[in-house]
Amino acid sequence: MESISKARCDENGDWLTVVKSPATTNLQLTKGSDPTTPKDNTLDINYIAWTIKYPSALRAFDQMMNAAKGKRIVVFLDYDGTISPIVADPDQAFMTDAMRSAVGEVARHFPTAIISGRCRDKVYKFVQLANVYYAGSHGMDIMAPLQPIIRNGGLNKFQTRSVDENGREAVLFQPAKEFLPTIQEIFRVLQERTKVVHGVMIENNKFCLSVHFRRVSHEDWNKLEELVKSVAVQYPQFCLTRGRKVMEIRPSIKWDKGHALEYLLDTLGYGNSTDVLPLYIGDDLTDEDAFQVLQRRGQGYPIIVSSIPKDTKASYSLRDPSEVMAFLLCLARWKRNSSSNSLQL
Ligand SMILES: O=P(O)(O)OC[C@H]1O[C@H](O[C@H]2O[C@H](CO)[C@@H](O)[C@H](O)[C@H]2O)[C@H](O)[C@@H](O)[C@@H]1O
């Protein structure tokens, strides 16, 4: 059987899987252009081998929940590629009604937050669930519950009292607010500089700018990357990061989805709790920061969504958003059953 020796991302944010075949000791490079389904048997065998290290959260569900008994589960979800499918036009990445109902059902039983790279307003428009907390711009824009914060080393200065989309009092946390005027400037410069590339789309995610190249012809990828880099170097307080067929310019502050996860745990009142069990499900590079936080805390379950083998800090896997939905439904059913069992005791 073939084994996976290494998985990495190429310079354009596309996933590559280096596969080593013991029989031939040849290295095969399989280019996964953001696959949602494996392209051939080789990939499928590799995927099965990969799930030995990162077991399916659906298959391991009973075992995971046995270890969760008596713990307080908090659910964190990424949006694109996790609860909505990856599509060519970012403005059309709608979640299905079935997924919305599964997320809503989970949120009825457990505190649930969505942490996305998109701007928070847009994620809310897509999801439209009142019982979910929302963090946009990779965690740089969080609408958190109004609660005394227990462990908040110096973060108070980034908080303001606010009201959420449903008119409830809340706390708005925006650690990159001072960068807003420059982000608007970079947005305009990027639009101007990249307009020569056919198919490019610049998405303004408020505290982060996304340069989408999914609809740019492959031959123009390098040219686009050079143009984006030429803008990024003009702004030393910003950095260039990558996701799925997207380059992003964002403030170089020490704040990512991992920090957002911990901030939300704090504001939900679980900051120092040893019996909390955070569950984080995500598909992209930025989700790795949250996986890493769970690994460091030695708490909870980091779950990667991927249909190809990848290097990851997650412990479990799900193949695609349809498996995410199945997992969420299992979670809600497990909670309903365990609640009715404890009532019967
Ligand atoms: O953190 P996320 O919620 O996963 O957001 C990450 C980026 O997701 C979106 O882009 C990705 O999905 C698009 C729609 O399927 C796809 O066209 C694009 O190629 C993907 O990169 C979103 O548009 C970005 O702003 C987010 O940063």
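This report describes a predicted model of a protein chain with a ligand.

## Basis of the model

Residue numbers start at 1 in each chain and follow the sequence as written. Because the model is predicted, local features need pLDDT of at least 70 and side-chain atom pairs count only at pLDDT 80 or more, while totals for chains, interfaces and linings use all residues.

## Overall make-up

The protein chain has nine helices and 16 strands. Helices (H or I, at least four residues) and strands (E, at least two) are DSSP runs, numbered from the N terminus. Of the 345 residues in the protein chain, 41% are buried. A residue is buried if 20 or more other C-beta atoms lie within 10 Å of its own, exposed if 12 or fewer, and partly exposed in between, with C-beta atoms placed from the backbone.

Among contacts in the protein chain with a separation of 6 or more, 59% join residues 24 or more positions apart. Two residues are in contact if their C-beta atoms, placed from the backbone, lie within 7 Å.

## The nine-stranded sheet

Nine strands form an open sheet with mixed pairing, in the order β8-β9-β7-β6-β5-β4-β14-β15-β16. Two strands pair if DSSP finds at least two bridges between them. The edges are β8 (159–163) and β16 (316–318); each has a single partner strand, so one side of each is left without a neighbour in the sheet. On average, neighbouring strands of this sheet are turned by 25° against each other, direction ignored. Axes are lines fitted to C-alpha atoms, for helices over the stretch in contact, and angles run from 0 to 180 degrees between N-to-C directions.

Within this sheet, β7 (residues 141–145) pairs with β9 (residues 169–173) in the antiparallel sense over four bridges. A144 is opposite V171 in β9, and I142 has F173 in β9 as its bridge partner. Strand β6 (residues 133–136) also pairs with β7 in the antiparallel sense, over three bridges, with M143 of β7 as the partner of Y134. The hairpin of β6 and β7 has four residues between the strands, and S137 in the turn has a positive phi of about 50°. Four of the five residues of β7 are buried.

## Helices α7 and α8

The axes of α7 (residues 257–267) and α8 (residues 287–297) come within 6 Å and cross at roughly 50°. The two helices are therefore oblique to each other; angles under 35 degrees count as roughly parallel, over 145 as roughly antiparallel, 65 to 115 as roughly perpendicular and the rest as oblique. The contact involves K257, G258, L261 and E262 of α7, and D287, D289, A290, Q292 and V293 of α8. By class, these residues are three nonpolar, two polar and four charged. Ala, Val, Leu, Ile, Met, Phe, Trp, Tyr, Cys and Pro count as nonpolar, Asp, Glu, Lys and Arg as charged, and the others, Gly among them, as polar.

In α8, the buried residues are D287, E288, D289, A290, F291, V293 and L294. They pack against β4 (72–77), β5 (112–115), α7, β14 (276–282) and β15 (301–305). After α8 comes G298, with a positive phi near 65°.

## The four-stranded sheet

A further open sheet has four strands in the order β10-β11-β13-β12, with antiparallel pairing. Its edge strands, β10 (201–204) and β12, each pair on one side only. From one strand to the next, the twist averages 20°. β10 pairs with β11 (residues 209–212) over four bridges, and N204 has L209 in β11 as its bridge partner. β12 and β13 (residues 246–251) pair over six bridges, with F238 opposite P251. Their hairpin has two residues between the strands, and K245 takes a positive phi near 50°.

Helix α5 (residues 180–194) lies across β10, β11, β12 and β13, at about 15° to β11. Helix α6 lies across β11, β12 and β13, at about 150° to β12.

## Residue Q237

Q237 is in the loop between α6 (221–232) and β12 (238–243). Q237 is exposed, with 10 other C-beta atoms within 10 Å. Apart from its neighbours within four places in sequence, Q237 is in contact with P251 and S252.

## Around the ligand

The ligand is surrounded by 23 residues, and the closest are Y79, D80, P90, S116 and G117. A residue is near a molecule if its C-beta atom, placed from the backbone, lies within 6 Å of it. This shell has seven nonpolar, eight polar and eight charged residues.
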